[in-house]
Number of protein chains: 2
Amino acid sequence: MHSFTEENYLKTIYHLSQLNDSPVQTNAIAEGMKTRAASVTDMLKKLSDKQLIDYIKYQGVTLTDKGKTTAVSVIRKHRLWEVFLVEKLKFKWDEVHEIAEELEHINSGLLVERLDEFLGFPKRDPHGDPIPDHNGIFEPDQNIHLHEMSRGDKGVIIGVNEYTSAFLKHLERLGLTIGILIEIEEIADYDGSVELLVDGKKINVSKEVTQRILVNYK
Amino acid sequence: MHSFTEENYLKTIYHLSQLNDSPVQTNAIAEGMKTRAASVTDMLKKLSDKQLIDYIKYQGVTLTDKGKTTAVSVIRKHRLWEVFLVEKLKFKWDEVHEIAEELEHINSGLLVERLDEFLGFPKRDPHGDPIPDHNGIFEPDQNIHLHEMSRGDKGVIIGVNEYTSAFLKHLERLGLTIGILIEIEEIADYDGSVELLVDGKKINVSKEVTQRILVNYK
DNA sequence: TTGAATATTTAGATAAATCTAAAAATTTTC
DNA sequence: GAAAATTTTTAGATTTATCTAAATATTCAA
Ligand SMILES: [Mn+2]
Ligand SMILES: [Mn+2]
Ligand SMILES: [Mn+2]
Ligand SMILES: [Mn+2]
């Protein structure tokens, strides 16, 4: 069995490895885990001994199949619990991430499968992130970051990639929640901010925000 | 905030202090926590520093109000999660205790209250144990151990005080589950075993079992 | 009431996860 | 292709929770 800490490292490494296909670096992990590089090196040795990562000194790490399976399993639990909290316990989408950080480490295979069934095998969590199935398979993703879209493009907001309460509440005030149809009216050269058409109204959104919104567009 | 370990010590001390009104002894805690007396002494100093227990060397411990509140809160969570697992996720009563041992440490006040509401404010867990309410108040208990009853007494099984799968499955095979009406037919002097009338049938039950069954009798 | 048995605490180690500071390797820049 | 900047690792501590073995306190029982 793996400690909470080991699981969190694997999850962090998994998310970082999704950003590009080069090995994940020590400092990036340290930032993700809010710890020091020296501590990361210590843990990388341990994860390597357990064959959860491939690790070459100074060269960064990649997850082994075993490591990837573990990481995906933790992510599956995280996202299923978030669905439970929002759908069954009436939490807001900005209130669930921290609690799911704890629940994701509960260790019972039967529990996960029963929870999945109880929730009706959801495909997405409350932030639009795909939930891996029993076999670790994700629903295919053809998302694009809002800030990568062009003038005139339309699409549906399908997810975010920041989960702080502050950010999610900000989006709600702007009316930018999952499932909302948006259209790019204008992009400002000056600061990269974007004017959107949402529900017939024009709103202005900073680059900080557009970088953190995922859109499904056709 | 308290570590999982601290919470488990408090819970163990709470349960032991229910057995009689003298201070709880180091060895009893060691047995309950499946650890060594020396480790218990270490932890008692820590809990005492945090004002969760009153501790006098060699004289055993009692919980402070603060300690009792914490222990009861953990027990509340444990039992609510057990109800959730059985009522919503279709677990058997012998499958939930270990998982609840993990879930009881999830740290969110809002979560507990929402879960309680979602479950319809249950008064008892799947093993018949009372669930403390929001303020830590338990439903009053007028239970008696089955082995304390006399020939001819009748009552309804209302709880157990062992939660291992082996024991609970044994009870199920015997037909001795929560809510079942029983009558004492005979008590054997020789080994303390008891002949019960259950659902019109006579069954014989060992003292090991009768000591672990709680009955509500009038 | 004193010696034996039992219970508890102390002393000193160990393992996991972390840290700071310093050393070493790698990458970037000129 | 060196020197500088950056990144990573090592060395050595620290904290938490545990352990064994030895010392000490308490309780029991003759
Ligand atoms: Mn989340
Ligand atoms: Mn986590
Ligand atoms: Mn239980
Ligand atoms: Mn526990």
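Predicted model: local features only at pLDDT ≥ 70, side-chain atom pairs only at ≥ 80, totals over all residues.
**Metal sites, a strand trio and the DNA surface**

Let me begin with the manganese ion (ligand 1), which is coordinated by NE2 of His78(A), OE of Glu82(A) and ND1 of His97(A), at 2.0 to 2.2 Å; donors here are N, O and S atoms within 2.8 Å of the metal (3.2 Å for Na, K and Ca), and because water is not among the atoms, sites may look incomplete. Along the chain, these donors follow the spacing H-x3-E-x14-H. Glu82(A) belongs to helix H4 (residues 65-88) of chain A and His97(A) to helix H5 (residues 97-103) of chain A, so the pair ties together parts that are 15 residues apart in sequence. Helices (H or I, at least four residues) and strands (E, at least two) are DSSP runs, numbered from the N terminus.

Residues are numbered from 1 along each chain as its sequence is written, chains are lettered from A and ligands numbered from 1 in the order in which they are written, and side-chain values use heavy atoms, with hydrogens and water left out.

In chain B, the manganese ion (ligand 3) is coordinated by His78(B) through NE2, Glu82(B) through OE and His97(B) through ND1, at 2.0 to 2.1 Å, and its donor residues are spaced H-x3-E-x14-H in sequence. Glu82(B) counts as buried at 1% relative accessibility, and His97(B) counts as buried at 16%.

As for how the copies are related, chain A can be laid on chain B with an RMSD of 0.2 Å by a turn of 180° and a shift of 0.0 Å along the axis, the superposition being by least squares on the C-alpha atoms of residues with pLDDT of at least 70 in both. The two copies are thus related as by a two-fold rotation axis, and the C-alpha of chain A nearest that axis, 3.8 Å from it, is that of Leu103(A).

Turning to the strands, E4 (residues 154-160) of chain A is mostly covered, five of its seven residues being buried. E4(A) pairs in the antiparallel sense with strand E5 (residues 181-187) of chain A over three bridges, and Val156(A) stands opposite Leu181(A) in E5(A). Four bridges join E4(A) to strand E8 (residues 213-216) of chain A, also antiparallel, with Ile213(A) as the bridge partner of Val160(A); pairing requires that DSSP finds at least two bridges between two strands.

Finally, DNA strand C is surrounded by 20 residues, the closest being Thr35(A), Ser39(A), Lys46(A), Tyr55(B) and Lys57(B), and a residue is near the strand if one of its heavy atoms lies within 4 Å of it. Sugar and phosphate account for 76% of the atoms of DNA strand C that come within 4 Å of the protein. A polar side-chain atom of Thr35(A) lies 2.4 Å from a phosphate oxygen of DNA strand C, and for Arg36(A) the corresponding distance to a phosphate oxygen is 3.0 Å.

Note on methods:
Buried < 20%, exposed > 50% of the residue type's maximum accessible area, 1.4 Å probe, protein only. Polar contact = N/O pair within 3.5 Å; in protein donor to acceptor, adjacent residues only side chain to side chain.
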